[in-house]
Each structure stands twice: as structure tokens, then as C-alpha cells.
Amino acid sequence: MTLENIILEARKGKRNAQNAVIELLWNKVYNYVYGKIRNEEEAEDVAIETFTKVFTKLKLYNEDFDFTTWVISIAHNTMIDHIRKSPKLSISIDDETNLLEILEDQPSPEEYLILKQDNDKLNKAIAKLRDPYQKIIELRYIEDKTYKEIAEELNLTLPNVKVRLLRAKQLLMEIMQNNI
């Protein structure tokens with residue numbers, strides 16, 4: 001199957017095609033992000049978030065542009081957003097033209113209240129997920145386990161953990177969008 005056919009099938013929401021996209025581009029996305037932030041877990045998180053965005057925006061993809069380049073640009077933007085939001089990271093990213101210093105400040109009291117409300121909504125949305133998706137979200141984001149630890153605990157392969165986490169995040173986004 002050609003990349004064009006895989007993209008067409010993925011646009012229709014076919015899971016096999018989405019898995020094929022992940023398999024084809026995972027290493028390129030992960031290596032790009034890891035090359036910038038030098039943190040394996042954060043790079044994996046950004047890669048998963050990237051593919052979530054890719055599948056959400058796939059209908060917007062213009063075939064006149066290289067698909068891999070389009071995905072990497074989404075990865076780059078996702079990485080920048082992730083760094084800005086992550087209190088754990090204070091990183092310099094050299095984008096060849098300038099050095100971006102991205103530092104996270106402590107939230108103001110107003111921002112703290114908004115974050116608390118958002119966390120309450122998020123916890124309610126997580127509770128609505130089916131058990132395997134709820135469990136994998138809790139293991140990764142609440143218990144802060146690595147992909148390897150999750151794979152061992154759930155007796156899954158590492159690629160299955162990544163795909164299940166991607167699906168769980170997609171479902172969680174749908175639940176949260178429907179509750180707005």
C-alpha cells in the first residue's frame with residue numbers, strides 16, 4: 001500500500017491506516033523531538049501528542065506538500081507548546097536561526113484556579129473512559145510511569161502502549177469537547 005493510500009484510509013478513521021502512519025513516521029518524529037529536548041519520556045509524550053494532532057488535522061493536509069515534512073512541522077509546534085506548558089522543562093531549543101529560551105513561570109492565583117477547574121473537568125472526563133483507556137491514562141499521567149513500565153504492568157508491547165495511549169487521548173479529547 002502506498003503512503004497516499006494509507007493517508008486516504010487514515011483520513012477515513014481506519015485504525016490500521018493510522019497505525020501504519022505511526023509505524024512509518026514514529027522514529028522520524030521521535031528522533032526529531034529527542035534531538036531538540038534530549039529527554040526520552042518527554043520526546044515520547046510529544047510524539048504521541050503529535051500523532052493525535054496529525055489524525056485530528058488529517059483532513060486539512062494538502063497533498064501538494066510532503067507528508068513527512070507536514071508531520072514534522074506539527075511535531076515542532078507540539079514540542080514548543082509542550083515545553084512552554086511543562087514545569088519540569090527549562091530548555092534552549094536551537095532552531096538554526098535563533099536560540100529560543102523557554103522558561104516556565106509559576107501560575108498566578110487566577111491561573112491556579114483555572115487550572116484546578118480544568119483538572120476537575122479532566123478527572124471527570126477520565127472517569128468516563130472505558131477501563132483499558134482509563135487505566136493507561138492514569139498510569140502515564142497520574143502515576144507518571146514510563147512507557148516501558150506501563151507495557152510490563154499491562155502485559156502489552158511498547159508499540160501497543162503507544163497506540164492505546166494515543167487512542168485514549170483521542171477519546172478523552174472527544175469527551176471533553178462534548179462536555180463544553
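Ala-151 counts as buried, at 9% relative accessibility, where buried means under 20% relative accessible area, exposed over 50% and partly exposed in between, with a 1.4 Å probe and protein chains only. The residue belongs to helix H7; helices are DSSP runs of H or I with at least four residues, strands are runs of E with at least two, and both are numbered from the N terminus. The model is a predicted one, in which local features need pLDDT of at least 70 and side-chain atom pairs count only at pLDDT 80 or more, while totals for chains, interfaces and linings use all residues. Residues are numbered from 1 along each chain as its sequence is written, and side-chain values use heavy atoms, with hydrogens and water left out.

Not counting residues up to four places away in sequence, Ala-151 touches Leu-156, Thr-157, Leu-158 and Val-161, a contact being defined by heavy atoms within 4.5 Å. Between Ala-151 and Lys-162, which are 11 residues apart in sequence, the C-alpha to C-alpha distance is 9.3 Å. Helices H7 and H8 pack with their axes 9 Å apart and at an angle of about 100°. H7 is therefore roughly perpendicular to H8, a class that covers 65 to 115 degrees, whereas angles under 35 degrees count as roughly parallel, over 145 as roughly antiparallel and the rest as oblique. The axes are lines fitted to C-alpha atoms, for helices over the stretch in contact, and the angles run from 0 to 180 degrees between N-to-C directions. On the H7 side the contact is made by Tyr-147, Lys-148, Ile-150 and Ala-151; on the H8 side Leu-158, Val-161, Lys-162 and Leu-165 take part.

The loop between helix H7 (147-154) and helix H8 (158-178) contains Asn-155. Phi of Asn-155 is near 55°, a positive value in a residue other than glycine. Asn-155 is exposed, with a relative accessible area of 70%. Arg-38 likewise has a positive phi, of about 55°, although it is not a glycine. Arg-38 is placed in the loop between helix H2 (15-37) and helix H3 (40-57), and it is exposed at a relative accessible area of 59%. Most residues other than glycine have a negative phi.

The chain as a whole has 8 helices and 2 strands, which run α-α-α-α-β-β-α-α-α-α from the N terminus on. Of the 180 residues in the protein chain, 39% are buried. Among contacts with a separation of 6 or more, 56% are accounted for by residues 24 or more positions apart. The accessible surface comes to about 11,400 Å², and carbon and sulfur atoms hold 50% of it; these areas come from the Shrake-Rupley method with a 1.4 Å probe, and for residues only the protein chains shown count as cover.

Helix H3 includes Thr-50 and Thr-52. Thr-50 is buried, with a relative accessible area of 0%, and Thr-52 is buried at 2%. Leaving aside neighbours within four places in sequence, Thr-50 is in contact with Val-29, Val-71, Ile-74, Ala-75 and Thr-78. With the corresponding neighbours set aside, the contacts of Thr-52 are Leu-166, Lys-169, Gln-170 and Met-173. Ser-73, in helix H4 (residues 67-85), is partly exposed, with a relative accessible area of 34%. Ser-73 and Val-29 are 44 residues apart in sequence, and their C-alpha atoms are 9.5 Å apart in space. Ala-20, in helix H2, is partly exposed at 23% relative accessibility. The C-alpha atoms of Ala-20 and Ile-7, 13 residues apart along the chain, are separated by 9.2 Å.

A search of the whole structure finds 7 aromatic pairs. Tyr-61 and Trp-70 form a tilted pair, at 5.1 Å centre to centre and 50° between the planes. Rings of Phe, Tyr and Trp (its six-membered ring) pair if their centres lie within 6.5 Å; planes under 30 degrees apart count as stacked, over 60 as edge-to-face and the rest as tilted. Both Tyr-61 and Trp-70 are buried. Ring pairs also link Trp-26, Tyr-30, Tyr-34, Phe-51 and Phe-55 into a cluster. The charged end of Arg-140 sits over the ring of Tyr-147, 4.5 Å from its centre; this description requires NZ of Lys or CZ of Arg within 6 Å of the ring centre and within 35 degrees of the ring normal.
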